[in-house]
Amino acid sequence: MSNKKIAIMGAMPEEIAPILEKLGTYKTTQYANNKYYEASYKGVDLVIAYSKIGKVFSTLTATTMIEHFGAEILLFSGVAGAISSTLKVGDLIVATQLSQHDLDITAFGHPFGYVPEGAVFIEADKKMIELSKEVATSMGKSVKEGIIATGDQFVANEERKNWIGSTFDADALEMEGASVAVVCDALDVPFFILRAISDAADMDASFSFDEFLETSAIESAEFVMKMVDKIIE
Ligand code: 3QA
């Protein structure tokens, strides 16, 4: 269907390791203090990288993958903290919309997540969300669609998590999705953001995260590779 160059990014090494493992051979390029891995997969060019944690690093990596490496589609694979009580460790969530929960100029009467000429929510690509439903069916998995809130903080606090949930109607939270969304939206690159739950963003979050980072990252990566198959097909 498509032979466009596809970027696959994560934030942490653990989030892209399962993808690199599946590819086996790839070319490593050092650029802008980061490593980018290029591979050919089923006749399609891929560029893979982990950005490092947070909105700034993920902005840099998404921009680099598009502007320097020529990616035309971007898929994000990683883990997230659950807000919705229906999401348990290992469950998958596909972002329909993303927002920056720590962007705050409310002193001027603006809503949280908004700055002039921006938008509180960035919408993910509808066609890729449709494709993800087919992938979920073929894998026999249920995937939740929902709003993901992003900010430069590891949330390990029920009060903060509930505030983010009610302010943005968000189902999950993490630290990179919305910044990647802003980049892709501005550069007109269709994007898909998938996360597997690693913790519940509560007082036990850091322990749960350490325990489930690796297995949840694998869940997400396996699904994202099936998305790649579907896009290529
Ligand atoms: C944070 C990672 C960052 O890339 C965002 C994980 C899972 N649970 C979260 C939560 N709050 C915010 N984000 C998340 N990712 C890991 S910091 C620990 C790094 O350890 C999603 C995410 N509750 C490094 C070793 O010291």
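Which residues of α2 are buried? In this predicted model, the buried residues of that helix are K55, S58, T61, A62, T64, M65 and I66. Helix α2 covers residues 55-67, 13 residues in total, and reaches 18 Å from its first C-alpha to its last, close to the 18 Å expected at 1.5 Å a residue.

**The ligand and its shell**

| Residue | Protein atom | Ligand atom | Distance |
|---|---|---|---|
| G81 | polar backbone atom | nitrogen | 3.3 Å |
| V155 | polar backbone atom | nitrogen | 2.8 Å |
| D199 | polar side-chain atom | nitrogen | 2.6 Å |

Taken alone, the ligand exposes 600 Å², and the protein buries 73% of that area.

**S198 in strand β10**

S198 belongs to strand β10, which spans residues 191-199. Its relative accessibility is 0%, and S198 therefore counts as buried, the cut-off being under 20%. The side chain of S198 makes a polar contact with the side chain of D199 at 2.7 Å. D199 in turn places a polar side-chain atom 2.6 Å from a nitrogen atom of the ligand. Leaving aside residues up to four places away in sequence, S198 touches V79, A80, V89, S208, F209, F212 and S216.

**E15 in helix α1**

E15 is located in helix α1, residues 13-23. Is E15 buried or exposed? E15 counts as buried because its relative accessibility is 2%, which falls under the 20% limit. The side chain of E15 reaches the backbone nitrogen of A11 at 2.7 Å. Beyond residues up to four places away in sequence, E15 touches G10, F76, S77, G78, V79, R195, A217 and A221. Between E15 and S51 the separation is 36 residues in sequence and 10 Å in space, taken from C-alpha to C-alpha.

Conventions. Residues are numbered from 1 along each chain as its sequence is written. This is a predicted model: local features need pLDDT of at least 70, side-chain atom pairs count only at pLDDT 80 or more; totals for chains, interfaces and linings use all residues. Side-chain values use heavy atoms; hydrogens and water are left out. Helices (H or I, at least four residues) and strands (E, at least two) are DSSP runs, numbered from the N terminus. The expected span of a helix is 1.5 Å times one less than its number of residues. Buried means under 20% relative accessible area, exposed over 50%, partly exposed in between (1.4 Å probe, protein chains only). Contact means heavy atoms within 4.5 Å. A polar contact is a pair of N or O atoms within 3.5 Å; within protein, one must be able to donate a hydrogen and the other to accept it, and residues adjacent in sequence count only if both atoms are side-chain atoms. Accessible areas come from the Shrake-Rupley method with a 1.4 Å probe; for residues, only the protein chains shown count as cover.
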